[in-house]
Amino acid sequence: MASDVKPRVKVPKSAAAGEIVTLKTLISHPMESGQRKGGDGNLVPRSIINRFVCDYNGANVIDVKMEPAISTNPYFEFDVKIETAGEFAFTWYDDDGSVYEEKKSISLS
Amino acid sequence: MHLRSRRILIAASVFALMSSATAYADPVEGFELVVNGEMTLVTEAPASANLEGALDTVYSGLLFRESETREMEMDDFSNPGMVFVDQGLDLWNKVDGTDGKSCASCHDDVESLKETRAAMPKMNPTGDDLWSMENYINNCRTTKMGAEAWKWSSDQMTSVTAAISVAGRGEVVNPKVDGAAAEWWEKGKELYYTRFGQLELSCANCHEQNYGNMIRADHLSQGQTNGFPAYRLKNAKLNSIHNRFKGCVRDTRAETFGEGSAEFRALELYVASRGAGLSVEGVGVRN
């Protein structure tokens, strides 16, 4: 398992109904591409986060397939239209099978 | 005839406006560094008495960066250095060495070192050497924790110095330059004005006489250290002050001093004193 993996999410605490809010997510991860050689001349095995998903109250918001060319600490920023109060669930899937999760609620103002 | 000369005049004045705008693009004017929408940091201050005749105003290096870079520093979420600060805080609480202690065992919360960053570098407890924050950390590690010293610009070292700097964000840079430190300060000043390398450049040639001008494709700043350890976009990691000094001296095509050397610690003190009055920026974002 990649060390020091830490998901971070920024979601506004509240929004008006119908408002479009910006979500920001960042996860610290080395994103080893699998194409570099180590000091011993052998390839460093690939270890990346290969999928990122955001759901809102069970409905999918965004589902991203990620490839090795994505750099360290992948950052995603996207907009969501808020109709009801609820909870965002963010999930990152690692090559090694680890799953990192984070949840954030948002209320209507 | 009359009309024509007026037109030329207008054209000339537009041109003059444009060229003056280019010449004085740096440091950017009217910019206020507000972090997370709540903490206002000082990025421009009247120069201290030590700088009389050299500079009137001191500017944070942030004012010489593009607006995109400046925006990154205004929010902890978009500041890429904060990932390393988190790692630094983990290290702060991590037990290491034979004595079973972490930084937190003695210092509790990192906030207890709030005033540390602004006072660095500082004479050591016995008063016979000038120490940078890295020296203090390694002293703790080797004498109090029974742990191995970290390398000066290692990932662990820069992330812990960054965590301590963020705790001291907003404090005003004010290193002590009198008493036993005076000798070091004089030595640092001498280094600052000494030309090095095949290009025969001193720190002052660029950072005092030509800040705001271009050096090749880059904007020269005053070389202030208040934003350090800084996240640099060019290498996507935190950079220590001494690492940056080394880069600068190397660019003059000189054999550089080592990180942690007496020369660089003296220079760190002198440069820090030139930035007296600016806020500690925690982790600055630079290119």
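Setting aside neighbours within four places in sequence, Glu208(B) is in contact with Ala54(B), Leu55(B), Tyr192(B), Tyr193(B), Cys203(B) and Arg274(B). Keep in mind that this is a predicted model. You'll find Glu208(B) in the loop between helix H9 (203–207) and strand S7 (214–215) of chain B. Is Glu208(B) buried or exposed? With a relative accessible area of 14%, Glu208(B) is buried. Its side chain makes a polar contact with the side chain of Tyr193(B) at 2.5 Å, and the side chain of Glu208(B) also makes one with the side chain of Arg274(B) at 2.9 Å.

Another charged residue worth a visit is Arg169(B), which sits in the loop between H7 and helix H8 (181–192) of chain B. Arg169(B) counts as buried, at 10% relative accessibility. Leaving out residues up to four places away in sequence, the ones Arg169(B) touches include Asp76(B), Met82(B) and Glu281(B).

Met82(B) also belongs to helix H3 of chain B, where it is one of the buried residues. In that helix (residues 82–92), 8 of the 11 residues are buried, so the rest of the structure largely encloses it. Among the others buried there are Phe84(B), Leu91(B) and Trp92(B). What do the buried residues of H3(B) pack against? On the chain A side, they pack against strand S1 (6–10) and strand S3 (19–28). Within chain B, their partners are helix H4 (103–107), helix H7 (155–167), strand S9 (230–232) and strand S10 (237–239).

That brings us to the place where the two chains meet. Here, 8 residues of chain B are in contact with 11 residues of chain A. The area buried between them is about 870 Å², and carbon and sulfur atoms give 55% of that. In chain B, the residues that lose the most area to chain A are Phe77(B), Val83(B) and Asp86(B), together 66% of what that side buries. There are 3 salt bridges across this interface. One of them pairs Lys24(A) with Asp75(B), with the closest N and O atoms 4.0 Å apart. By class, the side of chain B touching chain A has 3 nonpolar, 1 polar and 4 charged residues.

Now for the cysteines. How many disulfides are there over all chains? A search of the whole structure finds 0. Take Cys103(B): the closest cysteine sulfur, in Cys140(B), is 7.2 Å from its own, so the two are too far apart for a bond. Cys106(B) is in no disulfide either, with the sulfur of Cys140(B) 6.8 Å away as the nearest. Cys103(B) is buried at 15% relative accessible area, whereas Cys106(B) is partly exposed at 47%.

Most residues other than glycine have a negative phi, and most peptide bonds are trans. The table lists some exceptions.

| Where | Backbone feature | Value |
|---|---|---|
| Met120(B) to Pro121(B) | cis peptide bond | omega near -10 degrees |
| Phe228(B) to Pro229(B) | cis peptide bond | omega about -5 degrees |
| Asn57(A) | positive phi | near 50 degrees |
| Glu200(B) | positive phi | near 50 degrees |

Pro121(B) is in the loop between helix H5 (116–119) and strand S5 (122–123) of chain B, while Pro229(B) lies in the loop between strand S8 (218–219) and S9 of that chain. Asn57(A) is in the loop between strand S4 (49–56) and strand S5 (59–65) of chain A, and Asn57(A) is partly exposed at 45%. Glu200(B) belongs to the loop between H8 and H9 of chain B.

Technical notes: Residues numbered from 1 in each chain as written. Chains lettered and ligands numbered in written order. Predicted model: local features only at pLDDT ≥ 70, side-chain atom pairs only at ≥ 80, totals over all residues. Heavy atoms only, no water. Disulfide = S-S within 2.5 Å. Buried < 20%, exposed > 50% of the residue type's maximum accessible area, 1.4 Å probe, protein only. Contact = heavy atoms within 4.5 Å. Buried area = accessible area lost by both parts, 1.4 Å probe. Salt bridge = Lys/Arg side-chain N within 4 Å of Asp/Glu carboxyl O. Helix = DSSP H or I, 4+ residues; strand = E, 2+ residues; numbered from the N terminus. Polar contact = N/O pair within 3.5 Å; in protein donor to acceptor, adjacent residues only side chain to side chain.
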